[in-house]
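Thanks for coming. I will talk through one model, starting with one chain and ending with where the two chains meet. Please keep the picture open while I speak.

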Amino acid sequence: MLGYVFRRIVTTIPVMAVVALLVFSLLYIAPGDPAAVIAGDQASPEQIAHIRASLGLDRPFLVRFVDWVWRILQGDLGTSIFTNLPVSHMIAQRIEPTLSLMVLTLLLSVVIAIPMGVMAAAKQGTWIDRVIMVLAVLGFSTPVFVIGYVLAYVFALQLSWLPVQGYTPLADGFWPFLQNLILPAFTLGGIYIALIARITRTSMLEVLSQDYVRTARAKGLGFGTVLFVHALKNAAVPITTVIGLGVALLIGGAVVTESVFAIPGLGRLTVDAILRRDYPVIQGVVLLFSFAYVLVNLIVDLLYTVFDPRIRY
Amino acid sequence: MGMNRRDFLTLAAGAGAVATLPAPAIAKESETRVLRFVPQANLPNLDPVWGTQYVVRNASLLVYDTLFGLSSNLEPKPQMCAGYETSADGRVWTFRLRDGLYFHDKEPVRSVDVVASLKRWMARDAMGQVLKDRLDALEVVNDKQFRVQLQKPFPKLLLALAKPMPNIAVVMPERIANSDPFKQVAEYIGSGPMRFRRDEWVPGSRAVFERFSDYVPREETGDWLAGGKRMELDRIEWQVIPDAATAAAALQSGEVDWWETPIADLVPLLRANGKLRVEIADNLGNIGILRFNHLYPPFNDVRVRRAVAMVVSQDDYMHAVVGSDDALWRPMPSIFTPGTPLYTEAGGEILKGPRHWEEAKRLLAEAGYNGEKIVMLVATDIGITKGQSDVTADLLKRLGMNVDYVATDWGTVGARRAKQDPPSAGGWHIFHTWLAGLDCTTPATNIALRANGRKAWFGWPSSELIQTLIGQWYDAPDLAAERWVAADLNKAAMDFLPYIPTGFFLAYQAWRNNVSGIVKAPFPVFWGVRKQ
């Protein structure tokens, strides 16, 4: 197992290298010029050229790429063109809100979606199944920002139970931290809950038709024990896969959710950087997201062995 | 000693009471000293010489001080300067700094800081460059005095030092100001009424300003950037809320106190809330513009530009920008901001009265336009540019022109409009933007007016007459002379058409009722603002 983990970690190196090359190339050919944005409306073409040179943006592609990779290998993600702050510092400022939002969303989603999916499968064809599936379709088809606005309107503006926007760090207290994240987590979790609930239902239906489930029932085991102990564990592999793959969904959704709720996370940092063409920040954040995605996939692969002992690496 | 459930609850309630009883009074006291403000955009940096965005300027006005400050009647008044003397020939100016000026690092402000700051500013600012061209020497006399020696008189010197139009002549410590003007400064240290809390800065989310206890305001009443900048607040928190609906909700729920730029669509909602006030933010407003590329056909031919101007309806443009609220706009056949001293409609007939479609089509044919593609850059992520562009696309099509509507974002427009390549090779023909009304109060600060060819603003118009008239304005000794030049300049601009003004429009600002002292200005003025 340890050998496998080591091999997988080693294989992330070429993956990250390809990601780095792709990100750099895409930004190089993408239209836009941070020097023009910095210079603003008042600037003459000469001044823009001067700023471009001072930022090193007039150097050839290869020189810039090699320079960037060399600095990354030394642990330096560069400096933001606009704020003059190290990219690593900006990421560090933003990682807690995004990570908190994603973890809370993940927790809420799993806690809500898996019982929903299990119940839908157990009560297949009944009104419970239909209601759960209707909710799942709604979750899938309602845009994240619509859910966000509706939740903010009802729970923040009308009922004044929760704040409309913002983020409070965990260090400032658990309840204020949670208050700011509840609505965003439900907003972001909508599509994720729907996805996990549907996969859980499908996977459970397959497992529930197996002989060992019938045997368990025949032995007189309780309804809950059969469903959650015997069936769910065997249905867990595809569910785990979807949860892992869904991290990409969460990253995408976090961009919108963070904007709607004004959460200072990595999603908003990415959008702001793209709009301003702040290349070092875009490159740093995309690299981080790619690494996180590779890491999540590795964890999912390892979890397979926990849920299904037949799987060996 | 044991404790039962009842004892515990009693103790907990008592402790809670002890902890909370005096707290509301203290919390209320401190709460009224903190203002939460939603700025127009994210604050990307705090170097108003390097960065020209208005949001950078607005934050910089809190942190840095200027030698002179512009008052609400657009006059430069002493701010850091106690006074000045001018030689009889107007070529030597000696300035004296007022007492009690300190930087936020507690170091006193000296003339050497001022001279270094002005040198950095002159390298970047258009008016600063005119000053630099006329400069013989800029020198330190002593810690409190510095001298400007000119080759020829520069009557607009005080305006140049006072103007809040980017780039602004802020004063920084010498060690910071001596840096490359084309590189951002590494430290944000000013001598203004508030100091920047860099440790609390989260770009894209939050910027915090704290009252600088050593700041000594002038004795006079505060008036925009002139007079005493008396802070009634200990802390100002800028909260960047990119989504307008969220900002509106945050203002309604009391999570923020003042929103700089509520969008027109949400104004009825805000007005319906009895706890909020919604008023025009700035009587100088904004001016929409249609900018041509003067380097390439067909718009290098003045007849084609005139053909477009003949059919422009400012009514259509302004409705596309501000919606149906007619109180928010007015027509302006002028390059100057309505209601300001230099405003004139001389020569503006081409933008007035009935539109002349047939004559425009005839002019277009006479100029030899034959269906060539017109590349129009449209920043669809900004409502003002998108609205204007849609009107222009329709207008050009009705004129018989072949429009290539390039829908993209402002970042791309910003880069592509700087390209002097032919439109068929990555260049462009037309883009829309808008200018702050404050910037169009003088010919020097109206960037779109400059017509010095490839050195001019994007579009690169070339008109010796306009350049000569701008030069004459610089030398005009008084307002009467300036008005004469302005009338000639407006005629020249309406004839040559470096750009077409599409109308004058206003915007709102909104705040909670417990905030007072907010004034109408082209930038948020925080001194004098109170919170109850």
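Of the 532 residues in chain B, 51% are buried. Buried means that 20 or more other C-beta atoms lie within 10 Å of a residue's own; with 12 or fewer the residue is exposed, and in between it is partly exposed, the C-beta atoms being placed from the backbone.

Some housekeeping. This is a predicted model, in which local features need pLDDT of at least 70 and side-chain atom pairs count only at pLDDT 80 or more, while totals for chains, interfaces and linings use all residues. Residues are numbered from 1 along each chain as its sequence is written, and chains are lettered from A and ligands numbered from 1 in the order in which they are written.

Now the overall form of chain B. Its C-alpha atoms fill a box of roughly 105 × 60 × 40 Å along the principal axes. A compact globule of 532 residues would have a radius of gyration near 24 Å, and chain B, at 26 Å, agrees with that. The radius is taken over C-alpha atoms, and the globule rule is 2.2 Å times the number of residues to the power 0.38. Among contacts in chain B with a separation of 6 or more, 71% are between residues 24 or more positions apart. A contact here is two residues whose C-beta atoms, placed from the backbone, lie within 7 Å.

Chain B has 16 helices and 21 strands. Both are DSSP runs numbered from the N terminus: helices are H or I with at least four residues, strands are E with at least two.

Let us take helix 16 of chain B, residues 479–496. How far apart are its end C-alpha atoms? They are 25 Å apart, which agrees with the 26 Å that its 18 residues should span at 1.5 Å a residue. The expected span is 1.5 Å times one less than the number of residues. Buried residues in helix 16 of chain B include Glu482(B), Val485(B), Ala486(B), Leu489(B) and Ala493(B). In general, an α-helix has 3.6 residues a turn, so residues three or four places apart point the same way. After helix 16 of chain B comes Leu497(B), with a positive phi near 55 degrees.

Part of the cover over those buried residues is helix 15 of chain B, 464–475. Ile466(B) sits in helix 15 of chain B. Is Ile466(B) buried or exposed? Ile466(B) is buried, because 24 other C-beta atoms lie within 10 Å. Beyond four places in sequence, Ile466(B) touches residues including Leu489(B), Ala492(B) and Ala493(B).

On to the strands. Two strands pair if DSSP finds at least two bridges between them. Strand 19 of chain B, residues 508–512, is largely enclosed by the rest of the structure, because four of its five residues are buried. Strand 12 of chain B (276–280) runs antiparallel to strand 19 of chain B, with five bridges, and Leu276(B) has Arg512(B) as its bridge partner. Strand 11 of chain B (258–259) is also antiparallel to strand 19 of chain B, through two bridges; there Trp259(B) is partnered by Ala510(B).

Elsewhere in chain B, six strands form an open sheet with mixed pairing, in the order 14-18-13-17-15-16. Strand 14 (329–330) and strand 16 (402–408) of chain B are the edges, each pairing on one side only. Within the sheet, strand 13 (286–292) and strand 17 (430–436) of chain B are antiparallel and share seven bridges, with Phe292(B) opposite Ile430(B).

Last, the contact between the chains. Chain A gives 44 residues and chain B 40 residues. Helix 3 of chain A gives the most to the side of chain A that touches chain B, with six residues. That side has 24 nonpolar, 13 polar and seven charged residues. Nonpolar covers Ala, Val, Leu, Ile, Met, Phe, Trp, Tyr, Cys and Pro, charged covers Asp, Glu, Lys and Arg, and the others, Gly among them, count as polar.

That is the tour.
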